[in-house]
Amino acid sequence: MTSKIRRGVSLYSFQEEMFLGQMNVEDCIAFAASIGANGIEILPEQNMPDFPNIGDAEIDRWHAMLNRHGAHFTCYDMFLDTKLRKDRLMSDAEQIASIRRDLALCNRLGIRNMRILIFVRPDILEACVPFAEELDVHMGVEVHAPWYLDHAWILRTIEVADRLGTKHLGILPDMGIFMKHYPPEFRARFEREGARPEIAQFIVDQHEQKIMCEYTIYEVAVAMKGNPAEVRMAETLRHAPYANPRRIADFAPYFRHIQAKFYGMTEDCRDPSLAYDEVIPQLVKAGWEGTLSSEYEGNRWIQDVEEVDSREQVRRQHVMFERLIAQAEAQGEGA
């Protein structure tokens, strides 16, 4: 069985090096292509200085750059500046106009997937569906922790897509929803900030047992009289869900792109926190077709003590992807 899963990288993964001037956009694309991650996920507001006024010459320059490295666009990450004005939030009409603007640029860039922020209301997206259909752009609502695949808010978007019978509205999972183990990068940072090892271990153990986060926060903040670092560590559990990977097949028809979140890879190219070893077999089994797009977010957890090496972290993740996809394919053939 040959998998239809492709590999790519979100330029967000290299934010540390780009911010420090150690890498430019073309450096990021060249590196991604060098490890076989040819699909490039772009954040126009971050990666295009002239956004939103992007001319044809700029678009041509991007495609020439991609072509030089054998790469291609996979996804456009939109943002919705509802607090653009100090005196009021964006009106519904303004939100729709902003999304339509992004859909138009997404289409001009030749991209067929657009990541929609989780907070965008389903009725706002419903109003944008005809334009998305006209431009052939799939709007995927990001399923980001603490939400999960069958959360009521996510189901509302799926219900709209089903009612309209559209293939241009759905979801886009962020793999942070599959946090099986507490990230060691988180724990180490909080201990450097003053969390006592025994309290940190208690929090890790609670997460391992999947105890409701509010109980753990209460125990640490009140019963244990935790210090500020310990309370902050306990509060991260609000955003550390472990969704059931076996539900992926039920939702696979609604997504075409995945943000492959990760916080750190071990030297032997394994993720100690997120359950990719369970998720990828389910994707292969479901026959899912799309791109696993690396989204490295470990930089902010280690930058106080060591130099961030986003390239090495992304490389290790793609070694893992290749291994897990090959294993899942072999299991499928032997079944």
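Which residue in S4 is the bridge partner of Tyr76? In this predicted model, the bridge partner of Tyr76 in S4 is Met114. The bridge belongs to the pairing of S3 with strand S4 (residues 113-116), which is parallel and runs over two bridges. S3 also pairs in the parallel sense with strand S2 (residues 39-42), here over four bridges. Within that pairing, Gly39 has His72 of S3 as its bridge partner. Strand S3 spans residues 72-77 and is mostly covered, with five of its six residues buried. Together with helix H5 (residues 92-108) and S4, strand S3 makes a β-α-β unit that is right-handed.

The largest nonpolar core comprises 106 residues, and Ile99, Leu103 and Met139 are those with the most contacts inside it. Helix H6 (residues 122-135) supplies the largest share of this core, namely seven residues. In soluble globular proteins, nonpolar side chains tend to be buried together. When residues up to four places away in sequence are not counted, Ile99 touches Met78, Leu80, Met114, Val120, Ile124, Leu125, Cys128 and Met139. Met114, one of these contacts, is also the bridge partner of Tyr76.

Two further buried residues were examined individually. Ile5 lies in strand S1 (residues 5-10). Its relative accessible area is 10%, under the 20% limit, and Ile5 is therefore buried. Ile5 and Arg256 are 251 residues apart along the chain, while their C-alpha atoms are separated by 10.0 Å. Val160 is found in helix H7 (residues 152-164) and is likewise buried, because its relative accessible area of 7% is under 20%. Apart from neighbours within four places in sequence, the contacts of Val160 are with Pro122, Glu126 and Leu169. The C-alpha atoms of Val160 and Asp123 lie 8.1 Å apart, although 37 residues separate the two in sequence.

In helix H8 (residues 184-192), the buried residues are Glu185, Phe186, Arg189 and Phe190. Viewed down the axis of H8, these residues fall within an arc of 125°, so they line one face of the helix. They pack against helix H11 (228-235) and helix H14 (299-302). Just after H8, Gly194 adopts a positive phi of about 120°. Phe186 and Phe190 also take part in a cluster linked by ring pairs, together with Tyr182, Tyr263 and Trp301.

In total, the structure holds nine aromatic pairs. One of them, between Phe262 and Tyr296, is tilted, with 5.1 Å centre to centre and 40° between the planes. Phe262 lies in strand S7 (residues 257-262) and Tyr296 in strand S8 (residues 290-296), so this pair ties together parts that are 34 residues apart in sequence. Both Phe262 and Tyr296 are buried. Tyr276 and Phe321 form an edge-to-face pair, at 5.5 Å centre to centre and 65° between the planes. Because Tyr276 lies in helix H13 (residues 276-286) and Phe321 in helix H15 (residues 310-334), the pair ties together parts that are 45 residues apart in sequence. Tyr276 counts as buried at 1% relative accessibility, and Phe321 counts as buried at 0%.

Definitions and conventions. Residues numbered from 1 in each chain as written. Predicted model: local features only at pLDDT ≥ 70, side-chain atom pairs only at ≥ 80, totals over all residues. Heavy atoms only, no water. Core = buried A, V, L, I, M, F, W, Y, C linked by side-chain atoms within 4.5 Å. Buried < 20%, exposed > 50% of the residue type's maximum accessible area, 1.4 Å probe, protein only. Contact = heavy atoms within 4.5 Å. Pairing = 2+ DSSP bridges. Right-handed = clockwise from strand over helix to strand, strands pointing away. Arc of directions from axis to C-beta. Phe/Tyr/Trp six-rings, centres within 6.5 Å; stacked < 30°, edge-to-face > 60°.
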